Structure formats: C-alpha cells, structure tokens
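This report is an introduction for a reader new to the structure. Please look over the sequence and the model before reading on.

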Amino acid sequence: MEAMLQGVGVSHGVAVGEVRHMGTAALEPPARRIRPEDAPREQARARQAVEAVAADLNARGQLAGGEAQAVLEAQALMALDPELMADVERRVTVGSTAERAVYDALSAYRALLAGAGEYLAGRVADLDDVRNRIVARLLGVPMPGVPDSDEPFVLVARDLAPADTALLDTSLVLGFVTQEGGPTSHSAILARALGVPAVVALPGAVELAEGTVVAVDGSTGEVFVSPGQERRAALTAAAAERKAAAAAAAGPGATSDGHRVPLLANIGGPADVAAAVAAGAEGVGLFRTEFLFLDDAATAPSQERQAEVYRRVLEAFPEGRVVVRVLDAGADKPLGFLTPADEPNPALGVRGLRALLDHPEVLATQLRALAQASSGLPVHLEVMAPMVADRQDAKAFADACREAGLGAKFGAMVEIPSAALRARSILREVEFLSLGTNDLAQYTFAADRQVGAVSRYQDPWQPALLDLVALAAEAAGAEGRGCGVCGEAAADPLLACVLTGLGVTSLSMGAASIPYVRAALARHSLAQCRRAAEAARATDGADAARRAARRVLSGE
Ligand code: PEP
Ligand code: MG
C-alpha cells in the first residue's frame, strides 16, 4: 500500500526507482589487545593507511573538480590532522590495534563535533566517512560506498558522504534520500550542483527495505513508498513536463488553440533581468521597486539614482512590456522614509499606495524617474500601484501619474478584496488591473502571510480566491481592459490554466517557472481552461479545486 514520508526537498526533480542502500560494511574492529613490542608496527600501519586514504580523497577531488574538490580536500586534511595521529599513536601505545585506535580516536573526535553547534555537526558525515575509509583499509575489506547495480536506482543512506555524492554516476543514481542531513549539508549542496533530485532529513529512510520502489519529489520533499500507478504516472508526467518545458524553445504564451496569454517575469531589479530574458519572458509583469531600496531605507532615493536602475531594466526589453510597481513599503518591507513607526498591525496600516499618498513627493519623484528612464526607449512602460482599495485610491494614483507627465499606461493592483468586488469602478480611473494573489489571499482569509501557523490560507487554489479573481477578470473583460496575475498563483502551471479560464489576460512569475507555465498552457485549449476554472470554483476547498481542475485538464 502506498505511504508518504515527508522530508526536506533540497534538489528539484522527480525520481522513481528501487531503493538501494549505501554499502555499510561492518566496520567496528574488535577490541583486541596487542603486545607492547608490536606497537611501532601498528603505529606505522595506521600512518600508512591515513596517508593512503588522504591521497585517495585528494585524487577523487581532482577528478570531480569544482565545489566537490574543495569538500574532498577538506576531508583529506581532517584525516591528516596531527592531533588525531597523536591520539591514535597514544592508543596504540596502551595496547590497541591500529584499526581499533583509529576507530576510537575518530569516534571521540566525532562526539566532539556532533555536540558543537549546527555547522560543525553538519561535518559529522564527512568525518564518519574518513573513519570508515581508514578502518576499511586497515581491515582489508571493501570501502563502504555506492552499491553496484546494472539498473538505475534510488540511493538511500543515513547520510551521504561528500566523497560518494561527488562521484555519483548520474546515469545510475536516479535520486537520493537521506535520513539525516539538512539543506546546508555538503550532500545537499553537491546534489544541487549535480542536478540529482534529493530529499534529506527523511524520517524512517534507513528502514526502507532494499528493492522497494519509491518516488522521490525533490521539490516538495515528499517520498512515496510503493507508489500506486496513478501516483507514479502523475509524478513522472510532472517530471517529464518540467523536462520538456525546460527544453522547449522560448515562444509567446498561448493556449493550444492560439489564445494569447503573455508570460512575463517578476523581478526585483536589474540582477534578475538575465534570467527573465533567458526564460523567454515577454516582458516584466511586476518590477518590485521597493526591493532596490530595502538595504538603505532611511532616506528616499534620488530621481537620478532611480532613473539609472530603471533604465537598466527597461533597456533589456526593447519592444516588450515592463510593468513597474511603485514602492510597496510597509508590513514585511518597511522603508524608513515611508513607513510609519509603531503601527499595531502594519499589514492593515499605512502600506503601499497609502504610504505614497501620505508622501506625495516620494511618489512624484519615482514617477519622474520612470519618465526619465524610459525617455527615448521603445519599451512599453506601464506603472501600477499596490494596495489600491477603491476608486478614490485609483483616482489619486492616476492623477499623480498625469501630473508627473508620464507617458505610460497606469494600473491598479488588486490585492484587497474590496478592489476585486468593485473592480469596475476602479477601472473608471485606471487602464489595467494586476492581481496580487499573495496579498489577496492574506486579506481575504485574514491570515498573515508571514505566519506559518496560518499558511494553509495562502493556498491560491482556495475557491473564494478564485471567485475574486473571476470578479476582477470579468469586470476588466467587460471594460475591454487587461487583467493580469502577478502573485505566486501564476507560477503554478495547472493554476495558470485555470486563471486563463477565469479570464486573466497575462501571467507574471519568477523566471524559473515560465517554461513550465508556457508548456502547460500550450497543451490545453481555452475551452478546456474555462471548464477547469468552472470545476475548480464549484468545489469547497483548495485541494478539491486542484483535483477538479486536474481531472478536467487531463481529460478524465
Ligand atoms: C502579491 O501580493 O501577490 C504581489 C504580487 O505583491 P507582493 O508579493 O510583492 O506583495
Ligand atoms: Mg502584494
């Protein structure tokens, strides 16, 4: 029967295969006593074994190169630590064999490391590996390590040593799962570099029977034991979709029957532009300008300084559309020059447009900087205001745009339920809408998006949220205006289809998600997207909505 174990996903991708456990030879040497006259010989054996293992680790490092090399060389240095050698020799002098002395000396060091805080404790697996290698050499048994197999498999271990991870044959090891370790363990770092799906900190991993089939989702941290056909198919399809999507040529976003849905990128500044261009973004749907000023939030940035950064972004999309959001200060993104101190509930306080209307000179400076930056460029610049609650807000923003002489379209973000409910009246003042589903969920469900305990309400599949999206999109459609989504909802390929079915006209997301969303849209017609949207809205919860949409879109 299928079971699910939850760990921490550290390297994206899905792997389905049989479990093979990491080879763990019986490496605790017997506590045999030696005669005093044999001590020099045993000490020499210990030294030779240590030196040979260090040389082997260095050689593996050279073969692997890059980040792996640094890790393996650090392990070699651990083995050659003079204090460790002194401890081994002392133990031999009082009667231990070379292998027992190495085992005990390194175990004592291990205990010290394990209790010495998170960073050093993370190096315990590295040290265990050094110990096992030296002891195996002294005992003349095979090195513990990656099992031999002709068939690809999922490697399972208590923890993986960097020496094994670095040299994993990725045509054989489909993915790996460890019981211990965390996102900062070397194994996790190396898995990401290798591109192998991986889950760490999985309770019960070492008890998984050899040969059991598991499905590892390195994105969610889920490991399905004995997955059913349906699960396997879904996970494999998802993985194949991601792979195909990543490989697919860039192109404009559209459904299978040619209904255009421009795919835009969310960026926080010029540093994000390259990834957006590489993913084939048709422009920028959300430029979070406040991100640029969070580290120096005491004084308002000058027009010149702003114009310089904005221009770097605008130049990257010569004929494209770039939607710049004016400063969204407040709540989790306080800017000293805009955000009032000591608000009892900043998410419900003077945030976003409210703060800008309290400081009209800051808004005017930003709009003038945008006018300056876009002057002479063929880019389609649009500006939008965060946290618009009603028509009065929208009018105030529109007036400020006109006064600044900005030749750009101006729009309103729909992040507050009141704006979705009265979208039509807001559209009397502005030219487009953009749904910020992150905040829209926060305010619809009265659930702070920063509080983990209420995180279930942030699920963008909630039918109540879909209803609000539909209201805004229908209002925009009736007025002949655009209504995009720039919250995280747009990055979910399945939900992107549903949003399209609800009437959303563009989707903006982190660059990495664009290929996946493009692929999902291209597989479904607009009529299918509409049916999926209807089915999702007819349910009473996020999970049911997700399932209903999936059923429609997979043609079940
Ligand atoms: C949103 O709220 O969905 C949004 C896009 O804005 P931010 O996440 O920056 O608040
Ligand atoms: Mg927001």
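## Basis of the description

Helices (H or I, at least four residues) and strands (E, at least two) are DSSP runs, numbered from the N terminus. This is a predicted model, in which local features need pLDDT of at least 70 and side-chain atom pairs count only at pLDDT 80 or more, while totals for chains, interfaces and linings use all residues. Residues are numbered from 1 along each chain as its sequence is written, chains are lettered from A and ligands numbered from 1 in the order in which they are written, and side-chain values use heavy atoms, with hydrogens and water left out.

## The magnesium site

The magnesium ion (ligand 2) is coordinated at 2.0 Å by Glu415 (OE) and Asp439 (OD). The two residues belong to distant parts of the chain, 24 residues apart: Glu415 lies in the loop between strand 13 (409-414) and helix 15 (417-421), and Asp439 lies in helix 17 (residues 437-444). Donors are N, O and S atoms within 2.8 Å of the metal (3.2 Å for Na, K and Ca); water is not among the atoms, so sites may look incomplete.

Both Glu415 and Asp439 are buried. Buried means under 20% relative accessible area, exposed over 50%, and partly exposed in between (1.4 Å probe, protein chains only).

Helix 17 is mostly covered, with 7 of its 8 residues buried. These are Thr437, Asn438, Asp439, Leu440, Ala441, Gln442 and Tyr443. The cover over the buried residues includes strand 10 (283-288), strand 13, helix 15, strand 14 (432-435), helix 18 (463-478) and strand 15 (482-485), where contact means heavy atoms within 4.5 Å. Just after helix 17, Ala446 has a positive phi of about 50°.

## Other residues with positive phi

Ser226, in the loop between strand 8 (222-225) and helix 9 (229-247), has a phi near 45°, a positive value in a residue other than glycine. Its relative accessibility is 33%, so Ser226 counts as partly exposed.

Met387 is placed in the loop between strand 12 (380-385) and helix 14 (391-403). Its phi is near 60°, again positive in a residue other than glycine. Met387 counts as buried because its relative accessibility is 1%.

## Packing of helix 2 and helix 6

Helix 2 (residues 66-79) and helix 6 (residues 124-139) pack at an angle of about 60°, and their axes are 10 Å apart. Axes are lines fitted to C-alpha atoms, for helices over the stretch in contact, and angles run from 0 to 180 degrees between N-to-C directions. The two helices are therefore oblique to each other: angles under 35 degrees count as roughly parallel, over 145 as roughly antiparallel, 65 to 115 as roughly perpendicular and the rest as oblique.

Helix 2 contributes Gln75, Met78 and Ala79 to the contact, and helix 6 contributes Asp126, Leu127, Asp129, Val130 and Ile134.

Helix 20 (residues 514-522) is mostly covered, since 7 of its 9 residues are buried: Ile514, Pro515, Val517, Arg518, Ala519, Ala520 and Leu521.

Helix 19 (residues 493-501) packs against helix 20 at an angle of about 55°, with the axes 8 Å apart. Pro493, Ala496, Cys497 and Thr500 of helix 19 meet Tyr516, Val517, Ala520 and Leu521 of helix 20.
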